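Q: Could you walk me through a few local features of this model, with the cut-offs spelled out as we go?

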Amino acid sequence: MESKHDAALASRDVGPHTVAWSAWRELSRSERRRIGACIGWVVVATLAFIQPLTRLMLHAAQSELHSYIPLVPCVSIYLLYIQRRTLVAVHRHSIGGAAILGGITVAALAAWIEWRGSLSVNDGLALVALAYLSIVAAGGFLLLGWKWMAAAAFPVAFPIFMVPLPDAAVKWLETALVLASADVAALLFQMTGTPLLRDGTIFRLPGIVLRVAEECSGIHSSWVLLITSLVASHLFLKSPWQRIVLVAFVIPLGIIRNGFRILVIGLLCVHVGPQMIDSIIHRRGGPLFFALSLAPLFLLLALLRRQER
């Protein structure tokens with residue numbers, strides 16, 4: 001008779017790799033062949049785009065706004081892994097989906113070639129990244145079928161955040177965030193009783209004049225906060241409406257956080273000294289205020305989860 005000790009050892013030997021291998025062996029030969037072909041498709045597409053993808057990663061490493069891009073494929077692979085048990089069986093080919101995405105690939109590459117000389121580095125990489133993601137997704141529709149792609153919609157669509165925001169979109173968002181943050185900051189200054197003369201984005205405070213520049217828009221923190229809310233809503237919420245509520249909450253949260261940051265810096269300059277404009281809380285305080293904004297986001301997430309239960 002097997003002892004309890006031997007049974008415990010045997011149970012410990014059955015790890016996640018063993019479970020994954022067993023699940024793989026349970027698939028039909030046709031399914032294994034299609035999944036293997038899809039993995040090969042991704043590898044070949046990646047090798048074909050290896051030079052622009054390398055430039056994209058180097059661009060992300062040098063960009064404050066797009067520094068999150070290298071993490072996007074890792075998150076997508078993790079989401080696919082934890083969702084693997086809920087994915088449907090590999091279905092028949094979806095020629096229509098593959099054709100549409102193939103058309104997007106051709107259009108993006110044609111636009112990049114046509115306007116290559118006039119595009120910025122960021123916009124050129126955005127077109128190439130869109131072409132790469134489209135051809136990868138086209139392989140999924142062609143080899144795994146639309147039902148499988150629909151079941152894995154979020155992990156499959158999430159890599160769209162590898163595409164850098166176009167320069168025009170960044171300019172528009174920065175302007176909108178600066179104006180909205182200035183409005184919130186002015187309201188907060190009034191609530192604290194701080195004397196203030198405002199001219200657009202210029203704040204005249206006792207002893208110092210502050211201007212809310214585009215660099216103070218908080219676009220990076222707000223964009224990363226949006227991505228965080230999307231992942232959190234996918235992982236922890238089931239209701240589509242509650243997911244929308246959580247993601248939509250990021251818009252006022254990001255603006256209020258940025259207005260609060262302007263308030264803190266302004267009060268420090270008024271009560272401590274104008275030299276605080278060059279302090280670390282102004283120059284490097286972004287991560288701190290981003291971390292503070294996570295608290296209300298996760299609090300709302302907890303309330304929505306409790307409501308679901």
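A: A residue is called buried under 20% relative accessible area, exposed over 50% and partly exposed in between, with a 1.4 Å probe and protein chains only. This is a predicted model, where local features need pLDDT of at least 70 and side-chain atom pairs count only at pLDDT 80 or more, while totals for chains, interfaces and linings use all residues. Residues are numbered from 1 along each chain as its sequence is written, and side-chain values use heavy atoms, with hydrogens and water left out.

Q: OK, is Thr194 buried or exposed?
A: Thr194 is buried, because its relative accessible area is 12%. Thr194 sits in the loop between α10 (167–191) and β1 (197–199), where helices (H or I, at least four residues) and strands (E, at least two) are DSSP runs numbered from the N terminus.

Q: And what does Thr194 touch, not counting residues up to four places away in sequence?
A: With that exclusion, Thr194 is in contact with Phe189, Leu205, Pro206 and Leu267, contact meaning heavy atoms within 4.5 Å.

Q: Switching topic, how many aromatic pairs does a search of the whole structure find?
A: The search finds six aromatic pairs. Rings of Phe, Tyr and Trp (its six-membered ring) pair if their centres lie within 6.5 Å, and planes under 30 degrees apart count as stacked, over 60 as edge-to-face and the rest as tilted.

Q: What geometry do Phe260 and Phe289 have?
A: Phe260 and Phe289 pair edge-to-face, at 6.1 Å centre to centre and with 65° between the planes. The pair links distant parts of the chain, since Phe260 belongs to helix α12 (residues 240–271) and Phe289 to helix α14 (residues 286–308), 29 residues apart.

Q: How accessible is Phe289, and what about Phe260?
A: Phe289 counts as buried because its relative accessibility is 4%, whereas Phe260 is partly exposed, with a relative accessible area of 38%.

Q: Which residues form one aromatic cluster?
A: Phe154, Phe158, Phe161 and Trp223 form one such cluster.

Q: Now the outside: where does Val121 lie, and is Val121 buried or exposed?
A: Val121 is in helix α7 (residues 121–144), and Val121 counts as exposed because its relative accessibility is 61%. Val121 and Asp167 are 46 residues apart in sequence, and their C-alpha atoms are 9.8 Å apart in space.
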